[in-house]
Structure formats: C-alpha cells, structure tokens
Amino acid sequence: MPSFRAPRGTRDLLPAERPAWERLAAIASDLARRYGYASIETPIFEQTAVFERGVGEATDIVEKELFRIQPRSEEAESWALRPEGTAGIVRAYVQHGLHTLPQPVRVQYLGPMFRYDRPQAGRYRQFWQWDVEAIGDPGPAIDAEIVELGHRFYVEAGLPNVKVLLNSIGDGACRPAYVTELTAYFASHRERLPELERSRLATNPLRLLDSKDPEMAALIAAAPRIVDRLCDACRTHFDAVRAHLDALGVPVRLEPSLVRGLDYYTRTAFEFYREGAEGQQQALGGGGRYDGLVQLLGGKPTPGIGFALGLDRVVLALAEERIAAPAPAHPAVFVTGADPADTVSRLRFATDLRHGGICARADLGQRRLSRQLEQAAREGAHFAVILGDELREGLVQLRDLRAASQHPVPLADLAREIERGEQSHRHG
RNA sequence: GUGGCCUUAGCUCAAUCGGCAGAGCAUCGGAUUGUGGAUCCGAUGGUUGCGGGUUCGAGUCCCGCAGGCCACCCCA
C-alpha cells in the first residue's frame with residue numbers, strides 16, 4: 001500500500017481518461033473562437049475578501065466551503081482558493097480597467113475550482129469548470145447569447161436531453177418586497193415547516209423554494225412567485241430574454257422556484273440539468289446575470305452575465321450515456337532493431353523522424369525484436385521500422401503493421417513513405 | 001456539517017466456524033539469436049486502509065480514525 005494518496009475529494013486524471021477531458025476542452029475552445037469569447041486566466045487564489053464580497057458572506061460557498069490558505073505571519077494577507085470563477089474575473093476587469101475596451105467584454109476560461117465540501121460521485125473538492133462571462137451589456141439579447149452558448153456546449157459534446165431551467169429573480173427594485181412577502185407567507189405557516197426550513201426562514205427565505213422535503217411541496221406550490229412580482233423593468237427584460245431564446249430554438253423550461261446559491265445574481269437565472277438522470281448531481285452547470293457585482297468589487301456600476309459548466313459532471317454523464325471517449329493517439333511509426341543493445345540507433349532514428357514532424361516512438365529497452373514488434377502492435381503504431389543488417393546498404397525494413405507486409409526502403413525515402421502511408425490511411 | 005453502507009496485490013474479486021493470505025487480469029521474463037496483439041510456462045507484486053482491543057491464534061469479532069460511495073445540506 002502506498003503511504004500517500006491524493007487528498008480527499010481530489011482525483012488523478014490518468015492518461016486513459018485524459019482524452020475525454022481534452023475533447024471537452026477542445027469543444028469549449030472552438031465554441032469560444034466561433035462565438036468571440038477571448039481567453040482569460042486569473043489566479044486560482046485571491047484575497048479572501050474577493051469571494052466574501054463577490055459571492056456573498058451568507059452563502060454556503062463562503063460560510064463553510066471556502067478553502068482558506070493559512071497565513072504565514074500576523075501581517076499576511078488572507079487568501080483562499082477560488083470556489084468559482086466569476087468573482088476573480090470581475091476583480092481583474094476592475095483592476096485592469098477593462099471598461100475601456102469595447103463593451104461587453106466577452107471572456108472565457110477553463111480551470112480548477114475548490115470547495116471544501118463532503119465528496120460524493122460528481123462532487124469533488126477540486127473540480128473543473130468552463131466559465132464564460134460577458135461584462136458590460138445590460139441585455140436582454142446577450143442573456144440569450146450566453147444561455148444558448150452554454151446549451152450548445154452539451155449539444156456538441158453529444159450529451160442528450162440537456163434542458164435549460166430559466167427564471168428571473170428580480171432586482172433591487174422588486175426583490176426586497178418579494179422576499180418580505182415570501183417570508184411573511186412561510187412565517188404564517190410556521191407550524192407546518194420542518195425544523196431545517198424553519199431555521200432557513202431567518203437566513204435565506206428564498207432557499208425554502210427549492211426544498212426537497214416532500215412536506216414542503218404543497219406550501220411551495222401555493223407560495224407567491226417572483227415572476228408574478230417583477231417590476232416593470234425586470235418583467236420587460238425577462239420577456240425579451242425568453243423571446244430571444246425562443247427565436248434561437250433553445251429548449252427552455254420556466255422554473256419559478258429556481259433561485260441559485262450565489263448572492264450576486266440579479267434578474268436572469270438559469271441552470272442546465274439532465275432530464276431523467278439518476279442521482280442527485282443533475283445540475284451540470286448554471287449561471288445568471290450579476291448587475292451589481294462589478295460595483296461591489298470596486299468598479300463603476302456595470303452589468304454582466306455568465307455561466308459555469310461542471311466538466312466533471314459532463315464526463316460522468318457521457319460515461320453513463322456510454323458515449324465513447326476518443327482513443328489515445330497512436331504513433332505513426334515505431335522504431336525497432338535487430339540488436340536489442342543498440343539503443344543509440346533506435347533513438348537516433350526516432351529523433352530524426354520526430355524532427356521531420358512524424359509521430360515516432362522507439363523501444364528504448366533491451367527487448368529482442370519480437371518483443372519490440374509486440375510493443376509496437378500494442379501501442380497501435382501504423383508502421384514499424386526495423387533496423388538490421390540492411391543498414392549497410394542504406395536500407396531499413398518498413399513494416400505495415402496493419403497489413404502485415406513489409407519492404408526495404410532507402411533511408412532517404414523513409415520519412416516520405418511514412419507520411420504517404422499515413423495520409424492514405426487517413427483518407428482511406 | 002448529519003446519518004447509513006463499504007475498504008484484501010496496480011485492477012476485479014476469493015479465503016468454510018476465528019486456524020498456513022489466494023485466483024484471474026495487468027506488468028516483467030522464458031518457450032522464440034531478424035519479425036506482432038494469440039498460446040503455454042515462470043517471476044514480480046500484501047504490514048488484508050491505519051491505530052488499538054479481545055483471543056493460544058484476527059482478513060474474519062469489538063472500538064477509534066482515514067478514505068470511497070449513498071442519502072441529506074449544498075452545488076458544478
């Protein structure tokens with residue numbers, strides 16, 4: 001037994017699993033290019049206050065899930081690993097004066113996030129998100145662009161039955177009155193509330209709306225709905241977002257109880273979920289509008305909207321749907337030799353081919369030829385080059401491992417023959 | 001953070017009532033001095049997750065801890 005293992009809630013993504021991840025990263029990057037979202041990268045840790053202010057002090061993410069970095073001295077700044085991406089990006093937007101760029105600033109990136117949570121399948125302490133943000137456009141069309149982009153990712157990843165839950169949670173003009181009304185409603189039924197919900201009523205009454213307690217179902221169904229209490233501006237905005245999404249053909253389901261767990265959201269809130277999925281980790285991603293966040297982090301009042309998609313859950317869902325991951329890359333050529341001890345020749349041949357742009361491997365151990373060929377076949381190489389006595393006449397054997405045929409090739413023609421064989425294989 | 005189930009070789013799993021820790025796969029080698037993914041033979045691989053207790057004797061029973069999973073909480 002090894003005495004060390006990966007920390008709780010973290011995983012090693014081994015070579016066999018990496019192609020599936022790289023495929024998703026490639027899809028994200030290609031979508032970003034086509035939709036015009038530039039790449040950005042921010043530190044994986046920030047001043048704790050960035051998250052406390054940005055995400056919200058009363059949220060679970062900050063209250064109990066923040067990975068804090070132990071300060072090295074009394075004067076040390078307080079740091080924390082990022083639990084999500086938006087706060088750091090908005091911090092960068094303010095710090096570097098990105099409001100001087102043409103608005104909105106469209107950015108995206110893919111990277112690890114950290115939450116000190118109890119791990120479960122599909123829920124890790126280090127997990128990966130694809131984060132997309134558009135800062136500086138009040139909407140509503142940009143809202144639809146963002147939602148459609150997120151949905152499109154699942155389409156191109158090949159994951160079926162991904163739907164969009166959509167809601168508006170109002171803004172500073174209409175939400176406070178709604179929260180007051182909702183609190184009064186639940187308080188008037190206090191005796192029917194389960195213990196947990198009773199305590200939440202004081203801290204975050206909106207959360208009662210997505211309680212899973214069956215006792216709550218009837219109460220929630222009869223509760224006042226934010227969508228019926230929106231101010232005129234929010235109402236107009238929400239209707240327009242829906243109209244734009246309809247025009248794009250995005251499958252949307254209105255979900256009046258969708259509230260989301262971060263304080264910074266205003267108006268548009270959405271979640272991507274898998275219809276008919278087993279288990280609790282059905283939320284594949286989510287996002288919303290955050291019109292107050294830039295100001296909260298020290299910038300001028302600036303609207304924004306974005307989403308984060310959980311790649312771990314997409315990988316998991318693709319495996320459940322038995323959608324095949326791409327195979328690891330096979331080498332075009334595998335260099336073998338009759339003399340097991342002559343690693344110099346094998347390595348030199350492979351290196352020359354590599355310098356010529358060819359994907360080449362060589363057996364650098366001391367196996368005899370039959371073992372080297374076995375290795376070549378198992379690694380899926382198209383060709384094997386066999387170095388032997390023919391070298392004295394300037395020839396090597398070029399063996400096509402798939403056709404099980406071989407012929408001598410002059411050294412000068414080797415690279416050209418391999419490239420030609422690879423091309424005809426690709427196109428044939 | 002709460003409750004439940006689980007943990008034996010790199011992986012999947014055996015081990016009777018508490019009585020010598022095993023198999024398949026994988027890895028490496030041999031059968032085969034310059035020709036392949038098969039086959040046969042062999043080898044490597046274990047403080048039975050960790051620590052304590054009961055016992056002549058613990059993989060097996062008891063306690064604690066860690067890790068994984070499930071349901072909560074919450075979220076991606």
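Two strands are taken to pair if DSSP finds at least two bridges between them. In this predicted model, Glu46 stands opposite Ala80 in strand S4, and this position belongs to a set of three bridges that join strand S2 to S4 (residues 79–81), the two strands running antiparallel.

The open sheet to which they belong has three strands in the order S2-S4-S3, with antiparallel pairing. Because strand S2 (45–47) and strand S3 (68–69) stand at the edges and have a single partner strand each, one side of each is left without a neighbour in the sheet. Helix H2, which spans residues 48–55, lies across S2, S3 and S4 and runs at about 80 degrees to S2.

Strand S12 (residues 333–337) is mostly covered, with five of its five residues buried. In a regular strand the side chains alternate between the two faces of the sheet. In S12, Val333, Val335 and Gly337 point one way, whereas Phe334 and Thr336 point the other way, and all are buried.

S12 has parallel pairings with strand S13 and with strand S14. Three bridges join S12 to S13 (residues 360–362), and within this pairing Arg361 is the bridge partner of Phe334. Five bridges join S12 to S14 (residues 383–387), where Ile386 is the bridge partner of Thr336.

## Domain division

Chain A is divided into domain 1, assigned to 18–174 + 230–320, and domain 2, assigned to 333–421. The centres of domain 1 and domain 2, taken over C-alpha atoms, are separated by 50 Å.

## Nonpolar cores

The largest nonpolar core has 58 residues, and those with the most contacts inside it are Trp130, Phe153, Tyr154, Phe186, Leu209 and Phe270. Helix H5 (residues 141–157) supplies the largest share of this core, namely eight residues.

Conventions
Residues are numbered from 1 along each chain as its sequence is written. Chains are lettered from A and ligands numbered from 1 in the order in which they are written. This is a predicted model: local features need pLDDT of at least 70, side-chain atom pairs count only at pLDDT 80 or more; totals for chains, interfaces and linings use all residues. Side-chain values use heavy atoms; hydrogens and water are left out. Helices (H or I, at least four residues) and strands (E, at least two) are DSSP runs, numbered from the N terminus. Contact means heavy atoms within 4.5 Å. Axes are lines fitted to C-alpha atoms, for helices over the stretch in contact, and angles run from 0 to 180 degrees between N-to-C directions. Buried means under 20% relative accessible area, exposed over 50%, partly exposed in between (1.4 Å probe, protein chains only). Domain bounds come from an automatic or database domain assignment. A nonpolar core is a set of buried Ala, Val, Leu, Ile, Met, Phe, Trp, Tyr and Cys residues joined through side-chain atoms within 4.5 Å.
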